[in-house]
Amino acid sequence: MQGLFSHEGLHARHYLLLGYLLFFIACLQTCNQRVITLLFSGVVMLAAVECIICMLQWWGLAQSKNSFFQVTGSWVNPNVTAMFLAMSSAAAYYLLFQQRGRSKIWVLGLLGGILVSLLLLQCRTALIGAALAAFIICNYRFRWFFHFRKQSLFKKIITGVATMLLITPVCYYAYKAKQRSADGRLLIWKVSTGIIAQKPFNGVGLGMFEHDYNLEQSDYIKKGKAADAEKNNATHVYMAYNEWLETGVEGGIPAMMLLTALFVSLILLYPKEHSSPDREQKRATDSQEESYAKVTAWAGVIAFVSMSMVNFTIQALPAMCVFLLFMAILCSPVLPIKSSLPFVRGLFAKPLIKNATVAVLVMAALYFMYARISVANNLLQVKKASVAVTSGDNASALEILVPLTVQLNNAESYLQLYGKALMNTKKYNEAIIQFNRAKNLVSYPNLYLKIGECYTSLQQYENARSCFLLAHNMEPSRLAPEYAMMQLSVSMKDSTTALAKAKLIINASSKTANARSLFYRQQAFEIIHRLQ
């Protein structure tokens with residue numbers, strides 16, 4: 001489904017709507033101990049498949065999904081795979097403590113495979129989430145806090161100091177290992193906070209973070225507010241790497257409060273154990289499987305919330321699906337959780353009401369998916385047109401794209417491809433119209449470069465310059481906008497600026513060795529040789 005739908009084909013809120021429908025179905029119907037064990041086993045099996053893929057990619061026996069990373073799992077972004085494995089580790093611990101004999105050894109081996117895969121994927125966020133989940137479940141299993149409270153004050157201090165001495169160098173190494181990435185996120189959080197301050201009550205609109213953020217970052221750099229280090233770390237941004245900030249940018253402070261309320265309400269559902277005299281009796285009468293199911297779900301929620309502070313999690317669909325499962329277990333009125341509402345438990349104990357509610361929700365989910373089939377078919381046609389454009393058959397691509405104008409008029413991938421096909425056939429004015437429609441939905445630097453190229457072909461040089469500068473300010477360290485401005489200066493017969501840009505490209509390209517930078521370097525040498 002990931003490859004079938006583009007950004008606008010199935011909006012994030014549609015995913016959430018469908019997810020919450022299925023979540024309520026799980027709450028009402030599927031949350032019994034046998035089904036929970038079955039669901040956790042399914043999650044762990046999927047995690048095992050991802051681990052195998054990661055190992056094969058590391059050994060060179062399988063191709064990575066992203067040329068920038070050796071190991072990605074089955075997803076293009078390795079963070080998605082890593083966060084799914086971190087969430088799955090909680091389910092693996094649940095099975096580990098429930099299994100016996102050889103099954104226990106298999107699960108233990110899988111946990112080792114998850115740890116190795118997380119290290120290969122190099123996602124610090126997932127390591128944090130997996131560590132928290134492991135600590136919470138093992139603490140419940142081995143009662144670490146219970147024994148710690150019985151220790152003397154001196155032993156408590158020694159334990160605390162030793163823990164700090166262990167955590168501090170690990171945190172420092174995690175920062176230094178990907179320092180540029182960490183510093184880049186600080187810039188993202190800084191600019192995002194500024195957007196929230198500008199629109200604190202209604203935000204910029206759902207799904208519009210990428211569009212508004214990159215324009216704001218470009219303006220931030222254009223006005224000279226960015227330090228040199230921030231310019232070096234600035235790049236095109238798709239998400240805020242913090243769910244609170246991204247929610248605040250799109251929906252304002254009220255949306256941030258709703259997200260906080262959701263997470264806090266789930267955290268408060270932890271199955272507390274009281275220190276009353278009948279505590280051991282309660283522990284003996286309760287099902288151990290039931291207790292571990294609740295704690296496992298809570299540990300998974302904590303892992304998800306912690307990862308949401310420093311990465312994208314809601315858009316990481318595999319991790320989000322596991323989170324919805326854990327959320328369903330915690331909120332289900334079937335399981336005897338202390339925080340469940342008696343009214344809800346009593347209401348849905350009636351088979352007629354429960355079954356009728358489940359039937360309505362299932363029908364709503366099926367209707368929703370059926371309504372999206374036409375969109376999926378249209379986007380499949382766009383894929384065919386994309387293949388035609390790539391092969392140079394722009395006429396065939398336009399034959400496919402023109403009839404889809406009404407259905408996909410708000411689809412950025414369609415508008416960009418339509419504009420590219422028109423641009424390739426030298427219909428620049430028509431291409432600009434399509435590109436400008438796409439520009440209202442997204443703010444990709446390449447989109448502005450294409451618009452600038454159309455303006456250059458129409459000899460509207462000032463419009464072209466503004467587009468190239470906007471793309472440059474979005475990604476100051478990227479060479480493509482500099483190359484475009486060098487070519488623009490040549491077209492305008494501004495030899496001074498063209499030579500300056502050529503020298504800049506030669507100096508910058510010497511620091512990189514990819515094919516694109518070598519091409520820019522060669523073109524810059526030709527410009528210098530021609531103009532001097």
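Reader: Is Gln459 buried or exposed?
Author: Gln459 is exposed, with a relative accessible area of 58%. Exposed means over 50%, buried under 20% and partly exposed in between, with a 1.4 Å probe and protein chains only.

Reader: What kind of model is this?
Author: It is a predicted model, where local features need pLDDT of at least 70 and side-chain atom pairs count only at pLDDT 80 or more, while totals for chains, interfaces and linings use all residues. Residues are numbered from 1 along each chain as its sequence is written, and side-chain values use heavy atoms, with hydrogens and water left out.

Reader: Back to Gln459. Where is the place of that residue?
Author: Gln459 lies in the loop between H21 and helix H22 (461–474). Helices (H or I, at least four residues) and strands (E, at least two) are DSSP runs numbered from the N terminus.

Reader: What is phi of Gln459?
Author: Near 65°, which is a positive value in a residue other than glycine. Tyr241 also has a positive phi, near 55°, and is not a glycine either. Tyr241 sits in the loop between helix H10 (228–233) and H11.

Reader: How many helices and strands does the chain come to?
Author: The chain has 25 helices and zero strands. Of its 532 residues, 46% are buried.

Reader: What share of contacts join residues at least 24 apart?
Author: 69%, taken among contacts in the chain between residues at least 6 apart in sequence. Contact means heavy atoms within 4.5 Å.

Reader: Helix packing next. At what angle do H20 and H21 pack?
Author: Helix H20 (residues 428–439) and helix H21 (residues 445–457) pack at about 155°, with their axes 10 Å apart. That makes H20 roughly antiparallel to H21. Angles under 35 degrees count as roughly parallel, over 145 as roughly antiparallel, 65 to 115 as roughly perpendicular and the rest as oblique. The axes are lines fitted to C-alpha atoms, for helices over the stretch in contact, and the angles run from 0 to 180 degrees between N-to-C directions.

Reader: Which residues in H20 and H21 meet?
Author: From H20 they include Tyr428, Ile432 and Phe435, and from H21 they include Leu447, Ile451, Cys454 and Tyr455. The residues of this contact of H20 with H21 divide into 10 nonpolar, two polar and two charged. Ala, Val, Leu, Ile, Met, Phe, Trp, Tyr, Cys and Pro count as nonpolar, Asp, Glu, Lys and Arg as charged, and the others, Gly among them, as polar.

Reader: Is Cys454 buried or exposed?
Author: Cys454 is at 0% relative accessibility, so it counts as buried. Cys138 is buried too, with a relative accessible area of 12%.

Reader: What about H11 and H14, at what angle do their axes cross?
Author: The axes of helix H11 (residues 243–267) and helix H14 (residues 317–331) come within 10 Å and cross at roughly 55°. H11 and H14 are therefore oblique to each other.

Reader: Which residues meet there?
Author: Leu262, Phe263 and Leu266 in H11 meet Phe323, Met327, Leu330 and Cys331 in H14. The residues of that contact divide into seven nonpolar, no polar and no charged.

Reader: What is Ile196 in contact with?
Author: Leaving aside neighbours within four places in sequence, Ile196 contacts Leu245, Gly248, Val249, Ile253 and Met256. Ile196 is in helix H8 (residues 179–198), and counts as buried at 10% relative accessibility.

Reader: Last topic, the asparagines. Where is Asn378 found?
Author: Asn378 is in helix H17 (residues 373–390). At 14% relative accessibility it counts as buried, and it touches Leu404, Gln407 and Leu408, not counting residues up to four places away in sequence.

Reader: And Asn394, what does that residue touch?
Author: Asn394 touches Ala388, Val389, Ala421, Asn424 and Thr425, again not counting residues up to four places away in sequence. Asn394 is in helix H18 (residues 394–401), and counts as buried at 11% relative accessibility.
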